[in-house]
Every structure is written in structure tokens, then in C-alpha cells.
Amino acid sequence: MPCPGAAPPGALALLALLAHLSLPSQAAQRRPPAPAANPAAAPGRTLVLLDVGPRSPRRITSERFLSLQIDPAVLHDGWLDFLSSRRLVTLARGLAPAFLRFAGKRTDFLQFQNVKNPAKSRGGPGPDYYLKNYEDDIIRSDIALDKQKGCKIAQHPDIMLELQREKAAQMHLVLLKEQFSNTYTNLTLTARSLDKLYNFADCSGLHLIFALNALRRNPNNSWNSSNALSLLKYSASKKYNISWELGNEPNNYRALTGRAVNGTQLGKDYMQLKSLLQQIRIYSRASLYGPNIGRPRKNVVSLLDGFMKVAGNTVDAVTWQHYYLDGRVAKVTDFLKTRLLDTLSDQIRKIQKAVNAHVPGKKIWLEGIGATSEGSITNLSDSYAASFLWLNALGMLASQGIDVIMRHSFFDHGHSHLVDQDFNPLPDYWLSLLYKRLVGPRVLAVHVAGLQRKPRPGRVIRDKLRIYAHCTSHHNHSYVRGSITLYIINLHRSRKKIKLVGTLRDKLIHQYVLQPYGQEGLHSRSVQLNGQLLTMEDDGTLPDLKPRSLRPGRTLVIPPLTMSFYVVKNVNALACRYR
């Protein structure tokens, strides 16, 4: 904490208010606001004094902290065949490096079939032959060779995309019926489909994590690994670099099939999978993650406890899922509730307690996060309003020591995706891109004090003004090592002012303010950065994210209901000078 003597003139009394509070991961632990030393100095406004701890990071996350997920539903509705789209690959590359998890509700109904073209093996093309085998049917020149990676990249004709959208709309009704009845049909993953999935991940700079079917069971309820072994052998023959999981939300198996799998048995199944991997040379050191449980209620924590006793040292990271809302919620104001944002913090503590009881220090990942788990909230969970949940989750998870967060879903599934079926990036994509370009893995402590005109017990401004600090990403060559990135969520309906003091005082600042674009406000599916609409360039590339420069010493003015990033340049923070 810098000494008060470093404060600018007139701020000495205010600096005495600086409290070592980490925001907002401890927002639930509220303290009464400090009394204002000179209330007349800030009439009618809230002034926040902000500094960071520059000497050592509080936490260090994975370089792939913000990662992605694709749901196996893409096999059902045909979108898997379009993952080679140049536009989709470009969008995915913008978020690299990252993991790409292939998993979801239909993971445990997935069957691998080692044939290249099931239609031909049946003696002729089926009704979907044109769509499913577009690589053979459309003009060869549409598939270009990416000179950097040797990847298959496609430029699909408009008629192909229109046909696919019609097919996907029809299949969406089938998928919804499965969702509401909680009855899922088996899905076939062919060797060719796996090739397309891996091509997309590899060309995009993403590391594929494949979740195997855990519901293939022997009579004694042990895992039947025969189909998984076939998939592993095929992947090994192609030298695919893949990490592995087993199953998805095992706490829901009884509801899905009437057959439960307890934590002890699941742990044994993971030990069995680990043994299989060790028998295949290319996967003898492959990473294994799990058990991907749901929300940590009492029965789920019990399952995790049993799993950790058996397989806690077998997995490379323990995984779980979190979804904020159910599909019945339909008000935009639901995304602005601080109580909703803070539900994640409580779940983090429950998971950490269960994991550390068995393997202290084991890495924890949040796999599968979104506004809702299935289907999502039409026209809301892909809107600007839902981005408050997403950015708050990124900040809260990093500050509380979670190593990786995977967004469900990158493309297609429901309405909680980053990219829509027209291959257009949605608000959460642009937020993710900005995060990737500016935010590094080193998390810094935030120190803040606030002045309120009318202090009220139990109401602290940090509830709705959430501030996080990281070292700036070292992949961004526009900033020298030692720079610091602040990202701020303002849920207030009025602007807030922040004065940078101590370490951050009198530094050049680059500002990036995300706001909704157009007349729809919080419902908008488009965003503007510093007043300019964000969209892909005419040549299909991603745009430059241009900052607005602020002069040293200037007070930051945070617009209402916005998300803002500020890069404080040349701080020379010791915590940020080295990798």
C-alpha cells in the first residue's frame, strides 16, 4: 500500500480512507462505509479512490483461462460440417490460446463409429447427403489451404448456408422436445466428424478436450470402455493431440436413464480410463479432467467427495458447471441483480472446500458456464445485458483462484453462445476478445475507498461498482511489461468517478468502454467500443480495438450500466515484469 505522502495535493485526507479490500470477490463480506473526511469536497457524487498491489500477484491463472465449449448438438443439427468456415475459424483464432471442450447434455449418448461415410456404407446417399458431404460436392476451389497450418478452410456458398439454417431450425424443435422431456436419443460420431472437429480446433489454435460417454455400463454398473477404446485408437492413429474427460454432470444420470453412478464408482471409472490412456503411447501423458459435476448442492458435494477419495490424484483438474438462471426468467433487470452475480462466489467456496479436503492445491476449472444451461432465454442471454454476468464471472473466478473457465457455448447451442448462426459475433464475443487482448493471467489485489453523500449501513458502493486488476497480457505488444489492466463493471444507473492514486497515479491511460449499440439499449445484440460499432472487417478479419487516450492524472468517469477496460501504461509493476 503506498504511503499517504504519495498522494496528489488535496487528497491526503481521502487517502486515509484507503482500505485493503479485494473487489468484488468479497462483496458478500460487507463492511459499513468509511465516514467521509470532507463531505463538502464531493457534493452530489460518489468518488472512488483506487490503487492496486503491484509487488506480487494474488493469483496466477492458466494462459488459457478464458476457454470455449461446443455442444454435441452440432452433430444433430448439421452445424459440425460448417466449422471449417473461414469466418468461424477467424473468430475462434481471436480467442486463442484456449481449450475447446466438446461436451454437453448429449455427451453420454454419443457413440463412435469408425467409418468415413455411413451413407455410402449403407449402399447409397441419404437425404442429407448434400449437406453432410459438402466437402465432396461444392466447388473444390471453395476449400483453400491455410499456408500457416495446412488447414482446410471453407468459403461456403450462400445457398449452402441457407439450406443449413432451414435444417437447423427444424432440428431445433426436436432438440427442444428432448430437452423438456429429459429424454435424449443416441448420437453417432463418425471418424469423419471427428476429423472435422479436430481440424477446427487445431486450425483455430485451440486445444481439444473430448468428453467420452460414461453411460455405457456393464451389468455390474462399471464403465464399458469398448466404444471409447475404438475412438482412442482412431485418434491415436491420426496423431491427434487431445485431452480427455469422462461424462457430463454425473449427478443427473438417475434422471436421464434411471441408473445412478455414485462418486466412488465414478472415481473407479476414471482410474480405468487413465489406465487405457497409459496403454496408448501418444496418450500416455495426456491430461484427464473431471468429474464435471453440476451445482454443488448437498448430494452433488457428496458425489464429489466420493470421487476425490478414489481419483483425486488421477485428474489434472477438478471440474464443475454453473448456470445463473433458468429459462423462465425473462426480464433484462435480472441480469443486473448483485445477488445473482454473487451466487457464483458461494459455489466457488463450496467446491474449493470439498477439493482441498482431499487434494489441497488441486487445480479447479469451471466447465460450462452461461446465463442458462439449456436453450437459454431468447433475445436476452445473447444480449448486452447478459455480458455483465460474463465479465463478473471472469473477474470473480480469477480473483478466487479458479484456473480455467469454459464458456458454453462458442457457437450454435441455444441463445447463450458467442457467435450466432449467421456467423456474426455477439456482445459476449466482443467482450471476450477485449479480455483476451488486454488481460493477462496475473491477478492483482485491488485497494479502494469510496465517499458517499449519504452513507447508509449495509449499502456499500462496491456491490454495483465491481473492479478487478490484472497485469496486462504479455501477448499484446502495444504495451510494455509492467502495465496494468483494470476492468470495471458499473451496474449503477448513474456515472461514477474513480481517481487513480498511489502506484497508478499520474500515468498515461488507454480507455476501452463497451456500450450497447442502437435504440434497443440493454437488449441490443450489437456493441460499440468508445462510440464505434464493433463488426468484422469487409475482408473477414477482426477489427483493431482502438483505445481512447486519457491524460495522466485525469479522473476516470465510468458511464452508467457499462463495462470498461483501462490499461495503465508504464507502471513498471514488479508483479508484471516477468512471466
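# A tour by residue selection

Start with Thr562, which is found in strand 25 (residues 562-568). Helices (H or I, at least four residues) and strands (E, at least two) are DSSP runs here, numbered from the N terminus. This is a predicted model, in which local features need pLDDT of at least 70 and side-chain atom pairs count only at pLDDT 80 or more, while totals for chains, interfaces and linings use all residues. Residues are numbered from 1 along each chain as its sequence is written, and side-chain values use heavy atoms, with hydrogens and water left out.

Thr562 counts as buried because its relative accessibility is 1%. Buried means under 20% relative accessible area, exposed means over 50%, and partly exposed is in between (1.4 Å probe, protein chains only).

**Salt bridges**

How many salt bridges does the structure hold? There are 17 salt bridges, the term being used for a side-chain nitrogen of Lys or Arg within 4 Å of a carboxyl oxygen of Asp or Glu.

Select Glu178 and Arg106. These residues form a salt bridge whose closest N and O atoms are 3.3 Å apart. Glu178 lies in helix 7 (residues 158-181) and Arg106 in the loop between strand 4 (98-102) and strand 5 (110-113), so the pair ties together parts that are 72 residues apart in sequence. Glu178 is buried, and so is Arg106.

Next, display Arg407 with Asp428. Their side chains meet in a salt bridge at 2.7 Å, N to O. Arg407 lies in strand 14 (residues 404-408) and Asp428 in helix 15 (residues 427-438), so this pair ties together parts that are 21 residues apart in sequence. Are the two partners buried or exposed? Arg407 is buried, with a relative accessible area of 2%, and Asp428 is buried at 4%.

Move to helix 13 (residues 338-356) and pick Arg349 and Asp346, which are 3 residues apart and so separated by about one helical turn. A salt bridge joins their side chains (3.9 Å, N to O). Arg349 is partly exposed, with a relative accessible area of 38%. Asp346 also counts as partly exposed, at 33% relative accessibility.

Finish this part with Arg101, Glu245 and Glu367, which are linked in a network of salt bridges.

**Backbone geometry**

Select Ala96 and Pro97. The peptide bond joining them is cis, with omega about 0°. Pro97 sits in the loop between helix 3 (86-93) and strand 4.

Another cis peptide bond runs from Gly290 to Pro291, where omega is near 10°. Pro291 has its place in strand 11 (residues 288-293).

Stay in strand 11 and select Asn292, which lies in that strand. Asn292 counts as buried because its relative accessibility is 0%.

Go on to Phe423, in the loop between strand 14 and helix 15. Phe423 has a phi near 65°, a positive value in a residue other than glycine. With a relative accessible area of 5%, Phe423 is buried.

**A polar contact**

Select Ser225 in the loop between strand 9 (206-212) and helix 9 (226-237). At 14% relative accessibility, Ser225 counts as buried. Which side chain does the side chain of Ser225 contact? Show Gln272: the two side chains make a polar contact of 3.3 Å. A polar contact is a pair of N or O atoms within 3.5 Å; within protein, one must be able to donate a hydrogen and the other to accept it, and residues adjacent in sequence count only if both atoms are side-chain atoms.

**A charged patch**

End on the surface with Glu537, Asp538, Asp539 and Asp544, which gather in a patch of negative charge. Patches are made of residues with over 30% relative accessible area and no salt bridge; like charges are joined within 9 Å, and nonpolar side chains (Val, Leu, Ile, Met, Phe, Trp, Tyr) within 5 Å. Accessible areas come from the Shrake-Rupley method with a 1.4 Å probe, and for residues only the protein chains shown count as cover.

Asp544 counts as exposed because its relative accessibility is 58%.

Conventions
Lys, Arg positive; Asp, Glu negative; His and termini not counted. Charge placed at Lys NZ, Arg CZ, Asp CG, Glu CD.
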